Amino acid sequence: MRELFLIGLLVGMLSLLPTPALAAAPLNVKVVPEPAQVSTVIGGRFVLTTEVTNTGPTPSGDILAHLNIASIEGSVYVDPEDWSASRSQQLSLKPGESRKLSWQIQAVNPGHFAAYVVVMPYGSEVAGNEGLVISPLVNVDVASRSTLTAGGALPVVVIVPLLLGLAVAGMFFRARRRGSVQ
């Protein structure tokens with residue numbers, strides 16, 4: 001009798017413990033970016049395309065694809081909104097269906113970066129324990145744009161007019177010399 005009481009007490013106590021949230025069904029999508037690498041200069045514009053494919057046997061439901069940019073070096077601050085104005089796209093896919101998404105991107109910092117797309121469930125039914133699918137990283141190398149500095153412009157500003165003046169003076173003296181010989 002005492003054993004039954006202890007078992008009942010134990011079952012009662014265990015029923016008061018919070019139950020862990022059940023994991024949501026995995027998101028069965030594959031995300032493939034193209035191109036795998038981009039080289040550009042500050043201000044350069046490029047398009048990143050990602051193909052999102054539903055690899056599962058059921059419709060994906062509402063999903064959100066979100067573009068992000070991160071510095072690989074870590075020393076460069078990246079504000080993704082500066083790189084792309086439209087960074088989220090909503091979609092839903094039937095089993096086996098694929099959709100290509102295009103992302104317009106403008107490089108705003110020099111350095112080495114990674115662009116990637118995260119796909120996640122979307123909508124009011126999202127519980128917060130769903131998994132994410134992340135694309136492979138796209139390497140983005142951004143070079144500084146060469147500009148003429150004040151120090152580099154000074155020789156141009158001095159030498160070009162000087163050479164033009166010498167050319168005009170040479171033509172003037174040559175014309176004058178021809179005029180006096182005849």
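What order do the strands have in the open sheet of 3 strands? I looked this up and found E1-E3-E6, with antiparallel pairing; strands here are DSSP runs of E with at least two residues, helices are runs of H or I with at least four residues, and both are numbered from the N terminus. I took two strands as paired if DSSP finds at least two bridges between them. E1 and E6 are the edge strands, each pairing on one side only.

Before going on, I noted that this is a predicted model, in which local features need pLDDT of at least 70 and side-chain atom pairs count only at pLDDT 80 or more, while totals for chains, interfaces and linings use all residues. Residues are numbered from 1 along each chain as its sequence is written, and side-chain values use heavy atoms, with hydrogens and water left out.

Returning to the sheet, I saw that E3 and E6 pair in the antiparallel sense over 9 bridges, and that Arg 45 stands opposite Gln 106 in E6.

For the whole protein I recorded 3 helices and 9 strands, and 26% of its 182 residues count as buried, that is, under 20% relative accessible area with a 1.4 Å probe and protein chains only.

Of its 28 residues, Val 52, Trp 83, Val 119 and Val 140 touch the most other members. Leaving aside neighbours within four places in sequence, I found Trp 83 in contact (heavy atoms within 4.5 Å) with residues including Ile 69, Gln 106, Phe 113 and Val 140.

Technical notes:
Core = buried A, V, L, I, M, F, W, Y, C linked by side-chain atoms within 4.5 Å. Buried < 20%, exposed > 50% of the residue type's maximum accessible area, 1.4 Å probe, protein only.
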